[in-house]
Amino acid sequence: MLKRFLFFFILLSINCIGAELLQKEGQFVLHLHGTPYERGHQHGTLLKEKIQDNLKGYLDNPDVMADDRVDEYRKNIHKVITYIPKHFQEEMKGIADGAEV
């Protein structure tokens with residue numbers, strides 16, 4: 001009963017801020033509002049399970065993690081981030097926070 005209440009509370013909270021997840025012709029469509037961080041958080045919350053599954057499939061794959069390109073990316077991520085506009089960084093942070101990853 002508590003889980004059901006929490007589920008509906010979360011849905012109600014999301015709808016109150018104007019976020020909406022639809023599926024049209026097999027594609028997910030998100031309607032988000034607010035600051036870049038708020039939009040990202042809504043995105044992450046609405047697609048939490050899919051985001052977590054995607055990351056699990058990627059991070060748990062030994063072939064991917066052993067790829068030299070992944071290692072090179074990790075070594076250079078601090079340089080790459082300087083080219084990503086701040087508002088995109090804030091939105092990505094919101095997605096990660098909303099998806100709890």
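Trainee: Where is Glu-25 found?

Mentor: Glu-25 is found in the loop between S1 and S2, and, as with everything we discuss here, this is said of a predicted model.

Trainee: What makes Glu-25 count as exposed?

Mentor: Exposed requires a relative accessible area over 50%; Glu-25 has a relative accessibility of 82%, and therefore it counts as exposed.

Trainee: How do you know that the span of helix H6 agrees with what its residues should give?

Mentor: Helix H6 (residues 86-99) has 14 residues, which at 1.5 Å a residue should span 20 Å, and because its end C-alpha atoms are 20 Å apart, the two values agree.

Trainee: Which residues of H6 are buried?

Mentor: Taking under 20% relative accessible area as the cut-off, Glu-91, Gly-94, Gly-98 and Ala-99 are buried in H6. These four cover an arc of only 120 degrees around the axis, which means that they lie on the same side of H6. For the chain, buried residues make up 14% of the 101 residues.

Trainee: What covers the buried residues of H6?

Mentor: The cover includes helix H2 (36-46) and helix H3 (48-59). Glu-91, which is found in H6, touches Pro-36, Tyr-37, Arg-39 and Gly-40, leaving aside residues up to four places away in sequence. The C-alpha atoms of Glu-91 and Gly-40 are separated by 4.4 Å, although these residues are 51 residues apart along the chain. As for the chain, residues 24 or more positions apart account for 51% of the contacts with a separation of 6 or more.

Trainee: Why are H3 and H6 called roughly perpendicular to each other?

Mentor: Two packed helices are described by the angle between their axes and the distance between the axes. Here the axes of H3 and H6 come within 9 Å and cross at roughly 95 degrees; angles of 65 to 115 degrees count as roughly perpendicular, and H3 and H6 are therefore described in that way.

Trainee: Which residues of H3 and H6 meet?

Mentor: Lys-48, Ile-51 and Gln-52 in H3 meet Ile-95, Gly-98 and Ala-99 in H6; of these, Gly-98 and Ala-99 are among the buried residues of H6.

Trainee: What makes Glu-100 count as exposed?

Mentor: Glu-100 is placed in the segment after H6, and its relative accessibility of 57% is set against the cut-off of over 50%, so Glu-100 counts as exposed. Its phi is near 55 degrees, a positive value in a residue other than glycine.

Technical notes:
Residues are numbered from 1 along each chain as its sequence is written. This is a predicted model: local features need pLDDT of at least 70, side-chain atom pairs count only at pLDDT 80 or more; totals for chains, interfaces and linings use all residues. Side-chain values use heavy atoms; hydrogens and water are left out. Helices (H or I, at least four residues) and strands (E, at least two) are DSSP runs, numbered from the N terminus. The expected span of a helix is 1.5 Å times one less than its number of residues. Buried means under 20% relative accessible area, exposed over 50%, partly exposed in between (1.4 Å probe, protein chains only). The arc is that of the directions from the helix axis to the C-beta atoms. Contact means heavy atoms within 4.5 Å. Axes are lines fitted to C-alpha atoms, for helices over the stretch in contact, and angles run from 0 to 180 degrees between N-to-C directions. Angles under 35 degrees count as roughly parallel, over 145 as roughly antiparallel, 65 to 115 as roughly perpendicular and the rest as oblique.
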